[in-house]
Amino acid sequence: MLETLNYTPKDFKSENEVRWCPGCGDHAVLNAIQKAMANLNIKHEDYAVISGIGCSSRFPYYMSTYGFHTIHGRAAAIASGVKCANPRLTVWEITGDGDALAIGGNHFIHAIRRNIDLNIILFNNKIYGLTKGQYSPTTDRGFVTKTSPAGTIEDPFVPGRLVLGAGGTFFARCVDNNLKHSQEIFEAAAAFKGTSVVEVLQNCVIFNDGVHEAITDTKTREEHQIFLKHGEPMLFGNNRDRGLVLANGKLKVVRIGEDGITEADVLVHDAEDEDGFLHQSLINMKLPEFPVAMGVIRSVSAKVYNEAMEEQIAEVQSKSNIRNMDQLLNSGNTWKVEN
Amino acid sequence: MSIETKVIELEEVSIRFSGDSGDGMQLTGTLFSDTTALLGNDISTFPDYPAEIRAPQGTVAGVSGFQIQFGTKKISTPGDLAHVLVAMNPAAVKANARFMMPGGTIFFDSDSFTQKNLEKAKFSTEDPFAELNLIDYIKVPVPITQLTREALKDLEIDNKSILRSKNMFALGLICWVFSRPLDYIEKYIAKKFGKKELVLEANRRVLHAGYNYAHNLQHMTPRYVVHPAPIAKGTYRNINGNYATAWGLLAAAEKSGLELFIGSYPITPATEVLQALSERKDLGVKSFQAEDEIAGICTAIGAAFAGNLAVTSTSGPGFALKSEALGLGVMAELPLVVVNVQRGGPSTGLPTKTEQSDLMQTLYGRNGESPVVVVAASTPSDCFHYAFVAAKIAVERMVPVVLLTDGFLGNGTEPWRIPAMSDLPTITPRIAKDPSLFKPYNRDPETLAREWAFPGMAGFQHRIGGLEKDKGGNVSHDPMNHQIMCEVRRDKVDAVVDMVPPLELVGEQRGDLLVVGWGGTLGHLDTAVRELQADGKKVSLAHFNYIKPLPSNTAEVLSGFKKIVVCELNLGQFVGYLRDKMPDFKYLQYNKVQGLPFTIHELSAHFIKLMEE
């Protein structure tokens, strides 16, 4: 980019009062995205923020960018249309676990399969908040909600696995209460060409308070989360003295210094590995056996739909004799009637 | 079986090609139509094919037909009944007996009239013609299969390819019967099979074999003479309704200076609109085959938000799936064209057959007060005009517009005088110009249309959505505001009336009977009414292309007649709408839901009866 745009996060705040519940994780995500946008050196008018329905989908109203608060589940399809209509835009889709993975599941997987250049921010609080507390497609089996008074009898989606299954090229995970880290992740997602999916572990303070607490509690953060960075060893813990290795084809937690393990034995994160095997294993890690993986888990460059669309149009245009409607109308089989 | 050499001179003639759905009858019919149009006849065609791609061979369910009418005068319909039937098997005779004109000619592949095929077609005797009471017909048996084999005997070609070229024999034969030259067809097959020399040679040989066979047997083959029609000066092409729709949208994109985006999902009989636009990447079309009908309209809504001329195409069941999103288009006040190529319903219904039964769904099939503009095309070629107009209204008035066509129009073809782009009206999208004055829901005081500003335009940043908002675009749950906004959205659609031309009558302003129709029934209604007028009957036709809003002179037109009969291919949807909007008149109705167009005969008979009552 030729010019440097000196935006501050304030430039992205709208005049509308933010109406999420006090203590809701969404506030922090809003701040992190506004900070990320200010840093990205993209023109203010070139951002479009598209959302579906749900608490998090009120997001566009709190941004001063172009925004479109649409209908339940359809944000991925609408955002795809926006990006294809004007590929120069940076398009963000704000969605939740119900919006993206239940009613909008089809659009979610197909956007990922096409690899359209969207930044999908998936707020996962494992509950339906706006309708006041019913189970969602990410709610754990057995969990009691208003529509599962005796506990749910279904297994949840793991968003990252769904992304990989749909041929996803970018998947990252972050936590609402870690503003600095999430800002970094959002910037990486925006910089990535293709569909980037960021799962944000987000706390619903009213209907599912503390659902992610074991992972997100700042006191145990370093013990319970592993912050993955491309090219760096997979180390975690307060003293960064534990790491991940592959043993018998599976991930395993080891302690540096025990059993002759050195840092050199620890796996080095390769987010760009096209093969998704290790990425899937990292996505699957759960407490208490493992720390939960955070950061950019997968970032693989591949053909981008909207770019291919533009290239194809240019290619066909360079070969075709038809350049305007008059030529099309008079092409092929025509005949003249003279009177 | 007959008879002596016979030359039959006709002003108009209707031919039905009919065979198994794998027999290539659609191609045969299309090639014959193109040849005929090139000779200067006016034509109208009607493909009538089964929902299954290859239904069980030899059965009546698997019969695929293609009817064409052409003449020395203006032709508005494919014809009620066929003068000539080409039947490739017994099932084709059975399926089409009721579409035959008494005294007509039936050419049939006598090789296919085996015991087994007669059984498959559920004939119980060995004389299918007698069984169907086809007594007073000229029946011409032609051993098409055997003659095709004979023509190809020294060509090293497999049995399957031999059988597949049988349709060329039938085509050649019919070309001789109607004095059509073969050069156009030869050029076509040369282009189609250019790289497969053997197949090309086979098709060419069989085509000529059919032609020569008819010539050699002229003592028993009737020959028809149909002189060219007096047609207005100009350059013509054949076009079907789906292509005309796609090209009308392309023309609107060029005129408005907007890029065209189509988000769509394949569905019979609308798929061809998506295909025709996908073919036009050379004109910059962004075609997006979506994962479902909902994504089809939603990607289009996204494209409209981002400043493209946005289109989605579908048929009835798909239109139902798009309902919620269309409501978002209404609420957000975005320009959007939705094409509904109607078919028989409800549910999956009759996917390949025509009907006009989505009118109520289009007008009212959404949650909340959700008005859209509704326009209907009435001939295959005028789909171009109404698609163009639908796009013009959408981008000039910032409103979703639904264009209704149907399977009959979409698949039917007719010659079309090619317009010059310079003759089409201008289109001026309401793109915002001054950021200091811009508010997303500021309106033109007359038309109530808001301005269009889209991402990428500096200084116009704003938010829109599906929630109710106040005039300034902010979310509002205020009770009175909601009332006002519902009324504004209604009034905005009503204000489109100033773009709607007055309703024109076919016939006198006053009379005994006013025939009212809308959409794809024009050809049949117009022909029936004109024939009755020629007989001195005081009958006129008012045919509607603008459904919502209705033309401003509608009441005036309706007031000049003793009786009004509303004719539609449904159980009474437009008539219900008229009873609501124009309650001062008494409406009779004539309805048909058989998946087939009206016939002129049934219409005329009914109108005469009404006038005599």
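This is a predicted model: local features need pLDDT of at least 70, side-chain atom pairs count only at pLDDT 80 or more; totals for chains, interfaces and linings use all residues.
## Where the two chains meet

Let us begin with the interface. The size of an interface is often given as the accessible area lost when the parts come together. Here, the area buried between chain B and chain A is about 5,200 Å², and carbon and sulfur atoms give 62% of that area. Chain B brings 69 residues to the contact, and chain A brings 60 residues.

How many residue pairs are in polar contact between chain B and chain A? The count is 27. On the side of chain B that touches chain A, several elements give two or more residues, among them α1 (25-38), β9 (234-240), α10 (241-256) and α12 (293-305) of chain B. The largest share comes from α12(B), with 8 residues. Sorted by class, this side of chain B has 41 nonpolar, 15 polar and 13 charged residues.

Strands of a sheet pair through backbone hydrogen bonds, either parallel or antiparallel. In this model, strand β12 (residues 335-337) of chain A runs antiparallel to β9(B), and 3 bridges join them. Within this pairing, Lys336(A) has Thr235(B) as its bridge partner, and Val337(A) stands opposite Gly234(B).

The strand β9(B) has a partner in its own chain as well: 5 bridges join β9(B) to β16(B), again in the antiparallel sense. There, Tyr236(B) stands opposite Arg417(B). Is β9(B) largely enclosed or largely open? Because 6 of its 7 residues are buried, β9(B) is largely enclosed by the rest of the structure.

## A three-stranded sheet in chain A

Chain A also holds an open sheet of 3 strands in the order β8-β9-β10, with antiparallel pairing. The strands β8 (235-236) and β10 (250-255) of chain A stand at the edges, each with a single partner strand, so one side of each has no neighbour in the sheet. Strand β9 (residues 242-247) of chain A pairs with β10(A) over 6 bridges, and one of the facing pairs is Leu244(A) opposite Val253(A).

## Salt bridges within the chains

Over all chains, the whole structure has 35 salt bridges. One of them joins Asp155(A) to Arg141(A), with the closest N and O atoms 2.9 Å apart. Both residues lie in the loop between β4 (118-124) and α5 (159-165) of chain A, so the pair ties together parts that are 14 residues apart in sequence. Asp155(A) itself is exposed, at a relative accessible area of 54%.

Another salt bridge brings together the side chains of Arg173(A) and Glu199(A), at 3.0 Å from N to O. This pair links distant parts of the chain, 26 residues apart: Arg173(A) sits in strand β5 (residues 170-175) of chain A and Glu199(A) in strand β6 (residues 196-201) of chain A. Both Arg173(A) and Glu199(A) are buried.

In chain B, Arg530(B) forms a salt bridge with Asp526(B), with the closest N and O atoms 2.9 Å apart. Why are these two about one helical turn apart? Because Arg530(B) and Asp526(B) are 4 residues apart in helix α19 (residues 522-534) of chain B. Arg530(B) counts as partly exposed at 47% relative accessibility, whereas Asp526(B) is buried at 11%. Back in chain A, salt bridges that share partners join Glu223(A), Asp241(A), Arg242(A), Arg255(A) and Glu258(A) into one network.

## A closer look at Thr139(A)

Is Thr139(A) buried or exposed? With a relative accessible area of 3%, Thr139(A) is buried.

A polar atom of the Thr139(A) side chain lies 2.8 Å from the backbone oxygen of Lys126(A). The backbone nitrogen of Ser136(A) is 2.7 Å from a polar atom of the Thr139(A) side chain. Leaving aside residues up to four places away in sequence, Thr139(A) touches Lys126(A), Ile127(A), Thr152(A), Glu154(A) and Pro156(A).

Definitions and conventions: Residues are numbered from 1 along each chain as its sequence is written. Chains are lettered from A and ligands numbered from 1 in the order in which they are written. Side-chain values use heavy atoms; hydrogens and water are left out. Contact means heavy atoms within 4.5 Å. Buried area is the accessible area (1.4 Å probe) that two parts lose on being put together, summed over both. A polar contact is a pair of N or O atoms within 3.5 Å; within protein, one must be able to donate a hydrogen and the other to accept it, and residues adjacent in sequence count only if both atoms are side-chain atoms. Ala, Val, Leu, Ile, Met, Phe, Trp, Tyr, Cys and Pro count as nonpolar, Asp, Glu, Lys and Arg as charged, and the others, Gly among them, as polar. Two strands pair if DSSP finds at least two bridges between them. A salt bridge is a side-chain nitrogen of Lys or Arg within 4 Å of a carboxyl oxygen of Asp or Glu. Buried means under 20% relative accessible area, exposed over 50%, partly exposed in between (1.4 Å probe, protein chains only).
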